[in-house]
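Try each task before you look at the solution.

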Amino acid sequence: MSGPASRRLQVLRGQIAPPGSTGNAAAMSAEPVAAYGRPSVWAHIPEAPADPILGLNEAFKADPHPSKLNLGVGAYRTEDGKPLVLNVVRKAEMALVTDPNSNKEYLGIAGNAVFCRLSRELAFGTSCQAVRGNRIATVQSLSGTGALRVGAEFLKEHHPSKVIYLPQPTWGNHTKVFKRAGLEVRTYRYYDSTTCGLNFQGLMEDLMGAPSDSIILLHACAHNPTGVDPTPDQWKQMLKAIAGKQLLPFFDSAYQGFASGSLSADAAGLRMFADACPQLLLAQSYAKNMGMYGERAGALSVLCSSQGEAAVVASQLKQVIRPMYSNPPRHGAGIVAAILGSPELFREWEVELSGMADRIKLMRSKLHEALRQRGTPGSWEHILKQIGMFSYTGLSKRQVEHVTKKWHIYMTLDGRISMAGLSAKTCGYLADAMDDAVRNVPK
Ligand code: KET
């Protein structure tokens with residue numbers, strides 16, 4: 001890539017200043033605004049770098065190359081590289097918009113109550129004691145990110161500890177969400193780059209070393225970006241450590257159903273904790289598992305020690321939400337509630353969901369096979385072993401930059417690729433690019 005496209009990518013990655021900018025915002029705005037007789041009050045503001053994940057979409061759009069490939073954001077694509085609206089979502093949506101009784105009134109501050117109940121049951125299971133005992137306060141949120149942020153604001157105000165531990169590495173936005181809410185962010189060891197697996201010993205040491213009451217962020221399944229999850233036995237040991245030290249688990253469930261294709265299997269870690277911990281939090285997203293990215297449908301649940309406590313917590317969650325965005329949007333939550341609430345639509349959803357998960361698994365074996373055929377140096381077994389939407393390839397920042405510049409393939413700088421963005425047609429092209437980078441660009 002050369003010329004304007006390359007320059008645009010550098011701008012988006014925050015590596016160079018945008019066109020027309022001197023790179024120094026103060027110098028740029030030296031002309032006073034006549035009416036006020038002084039420089040603009042925004043004059044001192046430096047331009048922020050583009051978002052490391054969502055910024056790639058813009059760079060991709062601006063690239064005119066015919067073979068360009070977007071493996072940046074975790075968004076499912078069909079074999080033809082097109083976004084997918086699930087049939088079951090279309091069906092539920094049609095029923096919703098043609099229902100003569102539907103309206104556009106405000107939802108309550110906590111959102112659609114049926115959606116909240118069904119979301120809770122989907123995650124924790126209907127046989128969960130806390131669900132049966134009405135010990136979980138649930139509010140509708142602006143997808144998974146909104147749930148994390150509302151949860152963080154609630155913790156900042158009401159939890160004894162303001163320290164949250166995030167896995168190292170984690171989804172890049174976690175750090176920003178929790179810092180913006182005023183929590184102190186620390187990390188626990190998670191990934192071992194020598195084995196491309198879990199650094200379980202390091203993880204346990206860090207959990208045991210955390211001060212009691214600290215908040216521990218856990219990816220419910222399909223850890224992003226590594227695709228490495230604890231085994232059931234490791235979950236058990238983590239639970240023992242977390243409960244023993246009286247830590248507060250905060251689960252982020254953005255991929256239920258995407259890891260294994262089974263909704264209940266992907267909730268096993270969370271359900272084990274819900275049975276044993278007196279309190280925990282859960283952020284849920286329907287962006288990926290229902291393909292409802294832009295609808296911003298999600299939920300925040302806070303598991304409490306009693307029904308009365310859950311009612312109090314629910315009242316405080318509303319205090320967080322009302323001054324922030326008043327109440328959440330109707331449409332996406334209405335679609336989700338219709339699907340979760342109808343046994344027939346639910347079954348259709350499960351079939352479509354496991355279809356997406358299966359296609360991702362197929363892409364793993366195709367990419368692995370393509371690298372094997374090319375004799376690409378290194379072991380690529382981890383591509384088969386990792387689960388969920390992403391593969392953490394092990395490509396270095398320099399190698400990623402090479403692949404983007406020469407091959408027009410977009411991925412995050414940590415070497416993460418969205419397997420859901422690949423197709424049988426593009427696997428070979430990606431393997432060619434990876435092979436070239438591994439052979440010719442030193443780490
Ligand atoms: N948690 C995790 C672990 C996660 O990967 C995402 C999104 C979210 C929460 C939030 O998703 P929401 O759309 O707010 O429900 N991750 C993908 C998209 C993004 O970065 O916003 C990604 O990693 O590509």
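The exercises below cover the sheet, the ligand site and some backbone details of this predicted model.

**Exercise 1. What is the strand order of the seven-stranded open sheet, and which strands stand at the edges?**

Solution. 
- Step 1. Read across the sheet: the order is 2-10-9-8-7-3-4. The pairing is mixed.
- Step 2. Recall the rule: strands of a sheet pair through backbone hydrogen bonds, either parallel or antiparallel.
- Step 3. Go to the edges. Strand 2 (136–142) and strand 4 (184–189) each have a single partner strand, so one side of each lacks a neighbour in the sheet.
- Step 4. Neighbouring strands are turned against each other by 25° on average, direction ignored.

**Exercise 2. In which sense do strand 9 and strand 10 pair, and over how many bridges?**

Solution. 
- Step 1. Find strand 9 at residues 280–285 and strand 10 at residues 297–303.
- Step 2. Their pairing is antiparallel and runs over six bridges.

**Exercise 3. How many residues surround the ligand, and which are the closest?**

Solution. 
- Step 1. Count the surrounding residues: there are 17.
- Step 2. Name the closest: S143, T145, N224, D252 and S285.
- Step 3. Look at polar side-chain atoms. One of D252 lies 2.6 Å from a nitrogen atom of the ligand. One of R416 lies 2.8 Å from a ligand oxygen atom. One of W171 lies 2.9 Å from an oxygen atom of the ligand.
- Step 4. Judge the cover. On its own, the ligand has 520 Å² of accessible area, and the protein covers 93% of that.

**Exercise 4. Which residues does a cis peptide bond join, and where is the positive phi of a residue that is not a glycine?**

Solution. 
- Step 1. Find a cis bond between Q168 and P169, with omega about 5°. P169 sits in the loop between strand 3 (163–168) and helix 8 (172–180).
- Step 2. Find another between N224 and P225, with omega about 15°. P225 lies in the loop between strand 7 and helix 10 (232–244). N224 is also among the residues closest to the ligand.
- Step 3. Turn to phi. Q246 has a positive value of about 55°. The loop between helix 10 and strand 8 holds Q246.

Notes. Residues are numbered from 1 along each chain as its sequence is written. This is a predicted model: local features need pLDDT of at least 70, side-chain atom pairs count only at pLDDT 80 or more; totals for chains, interfaces and linings use all residues. Side-chain values use heavy atoms; hydrogens and water are left out. Two strands pair if DSSP finds at least two bridges between them. Helices (H or I, at least four residues) and strands (E, at least two) are DSSP runs, numbered from the N terminus. Axes are lines fitted to C-alpha atoms, for helices over the stretch in contact, and angles run from 0 to 180 degrees between N-to-C directions. A residue is near a molecule or strand if one of its heavy atoms lies within 4 Å of it. A polar contact is a pair of N or O atoms within 3.5 Å; within protein, one must be able to donate a hydrogen and the other to accept it, and residues adjacent in sequence count only if both atoms are side-chain atoms. Accessible areas come from the Shrake-Rupley method with a 1.4 Å probe; for residues, only the protein chains shown count as cover.
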